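Take a moment with the sequence and the fold before reading on. Then follow the chain through its sheet, its helices and a few of its loops.

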Amino acid sequence: MKKKKIKKKIRKRILLLFVVCLIGYIGISNYPLPNTTNPTNEDATSTIHEEVFPQTDDPLIDNLYPLSLEDKRILTIIEQKEEYPEILLEMLARNIDMVDYMMGYPEKKGKVYTNQLENIEKGVYPLLLQYDPKWGYAYYGNSVIAINGCGPTAISTVVAGLTGRSDVTPSTVASYAEEESYYVEGVGTSWALMTEGVRKYGITGKQITLSKSNLIQELQENHPIIASMKPGDFTTTGHFITIIGMKNGKFIVRDSNSKERSNKLWSYDTLAPQIKNLWAFSKMN
């Protein structure tokens, strides 16, 4: 009887010893081994950053590299940077939405792919983008619509909304502006296109004085407004935007260079200091 009890105690001790050893083994196996290839986390991070963002002597290209994490096609554009005007690369650095346009630019510049707008409805002012591949490669003066075609694109937007016409595209307006000398070399679209030039499309444009009450009154009368903008939120040089309405006491804009800015509401106090000139438009009787 005593022998049985002794044997039982021995088995319990052996089992307990086995469990202790097993727990110790598991703890050791889960403990991280020393990193012999990258001595510190800091070194590892710095290596990764070096591979993702190689440093060059060109600040513009350095600004483009981080965007390649969002769209790898930007690496192809960087490799072919000689194919692009510098201003297009600057525009891409501020607006990744231009990648599709940029990929086609080297082969498609100068070409127009449609003379019709899609899904146009009278009373609705579409967001037409200068860099839309359907017309953005077309030449306008010494450049292309994607770069300097904000004036023709704004007029195309206004004509579509006021008349419902779908045949007045940014490229057709740009061609007309060049033919009738509404494009000024080294300057861009002449302000005369906003008044006398737009009559061709069955609309009238009148210059208006900048004030909040004037803007509100014109919009309440269903008169869209084109604004010539100084450097600021919308441009670094000069730009035309279209003001089409109000919501929650702020202004709705169509910016042909940015979906993001077009989806924002703008207060009068933000817009007013950046406005150089204004024109309100209506349909001819």
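The model is predicted, so local features need pLDDT of at least 70, side-chain atom pairs count only at pLDDT 80 or more, and totals for chains, interfaces and linings use all residues. Residues are numbered from 1 along each chain as its sequence is written, and side-chain values use heavy atoms, with hydrogens and water left out.

Begin with the sheet. Helices (H or I, at least four residues) and strands (E, at least two) are DSSP runs, numbered from the N terminus. Two strands pair if DSSP finds at least two bridges between them. Here six strands form an open sheet in the order 5-10-6-7-8-9, and the pairing is antiparallel. Strand 5 (203-207) and strand 9 (265-266) are the edge strands, each pairing on one side only.

Now step across part of that sheet. Strand 6 (residues 225-229) pairs with strand 7 (residues 239-247) in the antiparallel sense, over five bridges. Look for Ala 227, which stands opposite Ile 241 in strand 7. Strand 7 is also joined to strand 8 by five bridges, and these two run antiparallel. In this pair, Gly 245 stands opposite Ile 252 in strand 8. Strand 8 in turn is joined to strand 9 by two bridges, again antiparallel. Ile 252 has Leu 265 as its bridge partner in strand 9. In a regular strand, side chains alternate between the two faces of the sheet.

Which helices lie on this sheet? Helix 8 (residues 150-163) lies across strands 5, 6, 7, 8 (250-254) and 10 (275-283), at about 35° to strand 7. Helix 10 (residues 212-220) packs on the sheet too, touching strand 5, strand 6, strand 7, strand 8 and strand 10. The direction of helix 10 makes about 70° with that of strand 7. Axes are lines fitted to C-alpha atoms, for helices over the stretch in contact, and angles run from 0 to 180 degrees between N-to-C directions.

Next come helices against helices. Two packed helices are described by the angle between their axes and the distance between the axes. The axes of helix 8 and helix 9 (residues 170-179) come within 8 Å and cross at roughly 120°. That makes helix 8 oblique to helix 9. Angles under 35 degrees count as roughly parallel, over 145 as roughly antiparallel, 65 to 115 as roughly perpendicular and the rest as oblique. The contact (heavy atoms within 4.5 Å) brings Pro 152, Thr 153, Ile 155 and Ser 156 of helix 8 to Pro 170, Val 173 and Ala 174 of helix 9. By class, these residues divide into five nonpolar, two polar and no charged. Ala, Val, Leu, Ile, Met, Phe, Trp, Tyr, Cys and Pro count as nonpolar, Asp, Glu, Lys and Arg as charged, and the others, Gly among them, as polar.

Helix 9 has several buried residues, including Pro 170, Val 173 and Tyr 176. Buried means under 20% relative accessible area, exposed over 50%, and partly exposed in between (1.4 Å probe, protein chains only). The buried residues of helix 9 pack against strand 1 (139-140), helix 7 (145-148), helix 8 and strand 3 (183-184). Just after helix 9, Ser 181 takes a positive phi of about 65°.

Turn to another helix pair. Helix 5 (residues 86-94) and helix 6 (residues 99-108) pack at about 160°, with axes 10 Å apart. That makes helix 5 roughly antiparallel to helix 6. Leu 88, Leu 89 and Leu 92 in helix 5 meet Val 99, Tyr 101, Met 102 and Tyr 105 in helix 6. This contact has seven nonpolar, no polar and no charged residues.

Finish in the loops. Leu 210 sits between strand 5 and helix 10. Is Leu 210 buried, exposed or partly exposed? At 32% relative accessibility, Leu 210 counts as partly exposed. Beyond its neighbours within four places in sequence, Leu 210 is in contact with Leu 215, Tyr 268, Ala 272, Ile 275 and Leu 278. Leu 210 and Asn 277 are 67 residues apart in sequence, yet 7.5 Å apart in space, C-alpha to C-alpha.

Asn 222 lies in the loop between helix 10 and strand 6. At 60% relative accessibility, Asn 222 counts as exposed. Asn 248 is found in the loop between strand 7 and strand 8. Asn 248 has a positive phi of about 55° although it is not a glycine.
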